[in-house]
Amino acid sequence: MPKLLMGLISALLASLVALAIPQVLRVLINDTLHAGGATTAVWISAGIVLVLGVAEAGLVALRRFFVINPATTVETRMRVSLYDHLQDLTVSFHDRWGSGQLLSRAMSDLNFLRRWMAFGAIMLVVTSLTVIIGIAVMFAMSWQLALIFLAAAVPIMINAFRFRTRFSKVARLSQDQAGDLATTVEESVHGIRVLKAFGRSREALESFNEQAEELRQTEILKAKHLATFTMVVTLLPELALGAGLVTGVLLVADGSLSIGALVAFFATAAVIATPVEFCGMLLSMALTAKTAVDRHFEVMDSVNTITSPENPGRPRELRGALCFNNATFAFDDVPDKPILKDINLEVRPGETMALVGITGSGKSALLQLVPRLYDVTDGSVTIDGVDLREFDVGELRRVVAVAFEDTTLFSNSVRDNVLLGAPEPSEAALDEALDVAQAHFAYSLPEGVDTLIGEEGLSLSGGQRQRIALARAIAAKPRVLVLDDPLSALDVNTEELVEARLREVLTETTTLIVAHRPSTVALADRVALLEEGRITAVGTHSELLAANPHYRYVIASLETEPRDLDSELSDLDDDAEEAIR
């Protein structure tokens, strides 16, 4: 970028100005500071030094001015690009990665990179050039003294190679441990209700303390490596200057070197001593930035396997016929152990199909194939005869809407959460969705539907969160609706009201719903029985109940109706207020 180049030029000019000051001192001492010398020359020299000092300060300020904008721009673009890529990557990728690791890559790692671009990279170039130019000037003044100073560079270079190897490993370990620590913090914050309810806060603190202590020890090890290297690059030049001082006095004594040249030599050495001492910190910054870049591209180089084809297909008429054709699915890390095996199931347009089975039979995995959160390992899933892999991914996820048992809401208003996937967001669509989901409580929140519901909606009860998530799926107006037991946290009365409204609005929507309660099964037109990853029976609830022993066993083992106490207490409060009025 042009501004980064201007920043580099400004920093280099500042160093050259600093190197010019010793030459002014040399001329002053040799030509002016003698018996009968003009005092005006001293004032002129002092004025020149002052001007050079002000110029150096101004150039340093210009460097900061030039580099800050492009460095922060690159950081922001990389951060946005990373976030965009994370949104695009598959669910299986997010299953493998801790959220804290991704967070540390998006925040702290890119902060390291920005600081390196704005300061480290420029100063490393400027420092190198300053040392090279300074040594050349020193050779011009006295090659004997310059050789002494240059001899100190050999052990510094040897130590630099050792430092790079050791520090790189520790820097990577430190950043990985920081990511793990961020994951622990996030998990404990999200699970604070569980930790408090089970009285495990002390144990969580102890575990966190162990992780924090490991990170502290790693940071101490980093500091030791840096301190050792800094000691070497500080001590050796100082020893060289001491030896050079003795040699310089001897050279002045025999007339081989002028006093002004000796003073200028040591003033120049003082100018380049700071960059030499700086190289330890700059090298550590470079290694940390390299590690940050490596960690960044570990994510950016991850390939998204669920993509849109070059020429997407689409049914001529979108009716919502959902069909599984010998569909098999296994996770990437255990490809030889499929969760679903040769699934053959047809859900007719506008039909509501309930999916039942014991825990671990693969119900949730089957649902996640429909919006292509995962792809089938073998076979196919089609909508109106078109393979899901032939759809444009964005269009498919407008056709299919989902509501999961483990509801995920965003730190936004109720309105924004409900209308998240609505094709035409409007007040009417919001009201209808809330009415169908029996989420009328939203209107009585402090700011109505514009109330911010907090991170993941944890300010709401479980039943309230589920109703908001169900309203979000309904507001999307899908042709295919996938519901993973979305009514599990509702009390019986609320569930009956929701089911009644769902029957009205789902008449033209193909619905596949996982049922964990008999009342949810009653909502369906037909029921599919999933057993050990296979569909073993399909029929109406009455037919399967009469003919299939395993179905009777599953129905008998389904959960009893849970009570959403938060919702019931809220209803009692509403009734009390109404009675008072």
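This is a predicted model: local features need pLDDT of at least 70, side-chain atom pairs count only at pLDDT 80 or more; totals for chains, interfaces and linings use all residues.
Residues are numbered from 1 along each chain as its sequence is written, and side-chain values use heavy atoms, with hydrogens and water left out.

Now for the rings. Rings of Phe, Tyr and Trp (its six-membered ring) pair if their centres lie within 6.5 Å, with planes under 30 degrees apart called stacked, over 60 edge-to-face and the rest tilted. That rule gives 7 aromatic pairs. One of them is Phe163 with Phe229, stacked at 4.7 Å centre to centre with 10° between the planes. Phe163 belongs to helix H6 (residues 153-190) and Phe229 to helix H8 (residues 201-253), so the pair ties together parts that are 66 residues apart in sequence. Helices here are DSSP runs (H or I, at least four residues), numbered from the N terminus. Both Phe163 and Phe229 are buried, meaning under 20% relative accessible area with a 1.4 Å probe, protein chains only. Ring pairs also bring in Phe167, giving a cluster of Phe163, Phe167 and Phe229.

Next, look at helix H14 (residues 462-475). Of its 14 residues, 13 are buried, so H14 is largely enclosed by the rest of the structure. After H14 comes Lys477, with a positive phi near 50°.

Technical notes:
Helices (H or I, at least four residues) and strands (E, at least two) are DSSP runs, numbered from the N terminus. Buried means under 20% relative accessible area, exposed over 50%, partly exposed in between (1.4 Å probe, protein chains only).
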